[in-house]
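Subject: Structure handover

Hi,

Here is the structure I promised to pass on to you. Please open it alongside this note.

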Amino acid sequence: MSAPACRLKVKAVPGAARTEIVGRLGEALKVRVAAPPEGGRANRAILGLLAARLGLPAADVSLVAGAASPAKVVALLGVTAAEAWARLLA
């Protein structure tokens, strides 16, 4: 039996005072990011935040679309979509 997996839409807002999960924005998770968008720093900050909040290893959280866009898609291994939303919005 394979581990659960899902994809999550993320709306990134760079240049914030701190990195934090704001909440739902339609079907996406809105995340404020303190790191600048240059050199992939904001993307790494988002992936790190999601891994920490979900209790997943960093290797199980990856960016699959939107590297240069505020609208991103993140793949999550080891968690279902329902579990991810419950943990992220808790």
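First, the ground rules. This is a predicted model, in which local features need pLDDT of at least 70 and side-chain atom pairs count only at pLDDT 80 or more, while totals for chains, interfaces and linings use all residues. Residues are numbered from 1 along each chain as its sequence is written, and side-chain values use heavy atoms, with hydrogens and water left out.

Buried here is under 20% relative accessible area, exposed is over 50%, and partly exposed is in between (1.4 Å probe, protein chains only). Helices (H or I, at least four residues) and strands (E, at least two) are DSSP runs, numbered from the N terminus. Beyond its neighbours within four places in sequence, Val61 is in contact (heavy atoms within 4.5 Å) with Leu47, Leu50, Ala51, Leu56, Val74, Ala75 and Leu76.

**A buried asparagine.** Asn43 sits in helix α1 and is buried, with a relative accessible area of 13%. Its side chain makes a polar contact with the side chain of Lys72 at 2.7 Å. For that term, a pair of N or O atoms must lie within 3.5 Å; within protein, one must be able to donate a hydrogen and the other to accept it, and residues adjacent in sequence count only if both atoms are side-chain atoms.

**Strands.** Two strands pair if DSSP finds at least two bridges between them. β1 and β5 run antiparallel and are joined by seven bridges; Lys11 has Ala71 in β5 as its bridge partner. β4 (residues 61-65) also pairs with β5 in the antiparallel sense, over four bridges. These two strands, β4 and β5, form a hairpin with five residues between them, and Gly66 in the turn has a positive phi of about 90°.

**Helix α2.** Which residues of α2 are buried? They are Ala84, Trp85 and Leu88. Seen down the axis of α2, they fall within an arc of 95° (taken from the directions from the helix axis to the C-beta atoms), so they line one face of the helix. On the other side, Ala82 and Ala86 are exposed.

Best wishes
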